[in-house]
Amino acid sequence: MNVLKSFLFNNLKAIVDQEQVNYSLLPKNLYEEFFEFSVAHNLQLLVYESYKNSITDTMDPTVLSKWKIEYLKSSMTSKMLLYNSKKVFHELCNNDIKVIIFKGISYSRYYINPITRLMGDIDIIVESRNYDKTINILEKLGYVCINKSIKSHHLVFEKKDAFNIELHHSIVDCEKHSQFKSLNDICFSSVVECKQNDIVFYHPTVSDELKMCLVHMYKHYCSTGFGYKMLIDLYLILRKASYEEILEFSKESHIYNFTLLLMRLMRDYFQQKFSIETDEQLNQIAPTVLDLFTQDIHMSGAFGFKDKLIFISKITSNVSENCENSTLKRNLRYLFPTVEYFSRSSNYTYCRSNNLLLPIAWIHRIIRAISTGKIRVTEKNIDNKVIVDRMKVMDWVLEQ
């Protein structure tokens, strides 16, 4: 475990709970990297609040000043975007549309200071009978849908100086993850009214929210991976929910091994208590699998670093494309991917259902590659060892 990774995992609970952290344990030459890393994982507000409760005499004043500026900028931007998004909720409420929010804005209520839970958008779901009506209201308020032509389980609406709104008709893509269809039912069967920043909305019960958090992490893990922020969300929700219930749900949903890995991290790094029987199961997880899993979290960023996004998307479609020893073969694979790869790319939706359009997709891809100057694969983008390591963990996770 490298120094920065070790420091983060060993101090993550204290940072989240705003307990005193001994930052002198972090070598001075890593302070700058720690700052950049925290920003990449959306942890900069949490860590800075932790600084205020800790001794930071060893911290480089320049880095500390940079962190303070980032804290002020991020927190004020977040408050401004949320304030400018209020009208959506007021308008939906005035039209008797019951809005259920989940993920970021909902999870923030578990944090000591909700503003430290950074988010990039607001996820909402409404009853199917109100779906078109909600779209009309969003468009009337100036929001523009940016993914209408892409088949998805949600529509994404943008508006300048406001949070993006993700309007879901299902929690996850049930075509890819059919085992989670039942999540849609729990959205409206048992919810709690909440008021936050003058916004009235509904959120799932703690028990249901724990399931949704777990499924969201699994979905991200199977594509680009998830970082420390999602791990923290899980910890804070799990503190208020029953882990026995989530184990049962995991068995039914065929994600039991994945859940065991997360619970092992909850026990080892967040001091969560489990039964003797569960502890025995957690102890059986191979150290290699655990190490590779934590490494994947560490390198993922909030939703996956850019380089990781590139090669992880290829892993999940066809691992052989990334394991060619020949540079020429790797470059040819990059320029002429398989249908399986294109099926996961939003840029080539037209060839998903018609293999005859594959050559057109290749030409499209080559033109894009030339226009961006990226006409060949570099070692920076493709790391065979990381790919092979990740496949080892995924094999274990997917083995039910």
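Aspartate 96 sits in the loop that joins helix α4 to strand β1 (100-102); helices (H or I, at least four residues) and strands (E, at least two) are DSSP runs, numbered from the N terminus. The model is predicted, so local features need pLDDT of at least 70 and side-chain atom pairs count only at pLDDT 80 or more, while totals for chains, interfaces and linings use all residues. Residues are numbered from 1 along each chain as its sequence is written, and side-chain values use heavy atoms, with hydrogens and water left out.

Most residues other than glycine have a negative phi. Aspartate 96 is not a glycine, yet its phi is positive, at about 55 degrees. Its relative accessibility is 69%, so aspartate 96 counts as exposed; the classes are buried under 20% relative accessible area, exposed over 50% and partly exposed in between (1.4 Å probe, protein chains only). Glutamine 271, in the loop between α11 and α12 (276-283), also has a positive phi, about 60 degrees, without being a glycine. With 57% relative accessibility, glutamine 271 counts as exposed.

## Overall content

The protein has 18 helices and seven strands. Of its 400 residues, 54% are buried.

Among contacts (heavy atoms within 4.5 Å) with a separation of 6 or more, 69% are between residues 24 or more positions apart.

Helix α3 (residues 44-52) is largely enclosed by the rest of the structure, because eight of its nine residues are buried. These are Gln44, Leu45, Leu46, Val47, Tyr48, Glu49, Ser50 and Tyr51. They pack against α1 (3-16), α2 (31-40), α4 and α9 (228-238).

Serine 75 belongs to helix α4 (residues 61-94) and counts as buried, at 6% relative accessibility. Beyond its neighbours within four places in sequence, serine 75 contacts Leu45 and Ile115. Arginine 117 is 42 residues from serine 75 in sequence, and their C-alpha atoms are 9.6 Å apart.

## Aspartate 123

Aspartate 123 is part of strand β2 (residues 121-125). Its relative accessible area is 3%, so aspartate 123 is buried. Neighbours within four places aside, aspartate 123 is in contact with Ile100, Ile101, Phe102, Lys103, Glu166 and His168.

With histidine 168 there is a polar contact between the two side chains, at 2.9 Å. A polar contact is a pair of N or O atoms within 3.5 Å; within protein, one must be able to donate a hydrogen and the other to accept it, and residues adjacent in sequence count only if both atoms are side-chain atoms.

## Crossing of α11 and α13

Two packed helices are described by the angle and the distance between their axes. The axes of α11 (residues 256-270) and α13 (residues 287-300) come within 11 Å and cross at roughly 80 degrees. The two helices are therefore roughly perpendicular to each other. Axes are lines fitted to C-alpha atoms, for helices over the stretch in contact, and angles run from 0 to 180 degrees between N-to-C directions. Angles under 35 degrees count as roughly parallel, over 145 as roughly antiparallel, 65 to 115 as roughly perpendicular and the rest as oblique.

On α11 the contact is made by Phe258, Leu261, Leu262, Arg264, Leu265 and Asp268, and on α13 by Val289, Leu290, Phe293, Thr294 and Ile297. By class, the contact has eight nonpolar, one polar and two charged residues. Ala, Val, Leu, Ile, Met, Phe, Trp, Tyr, Cys and Pro count as nonpolar, Asp, Glu, Lys and Arg as charged, and the others, Gly among them, as polar.
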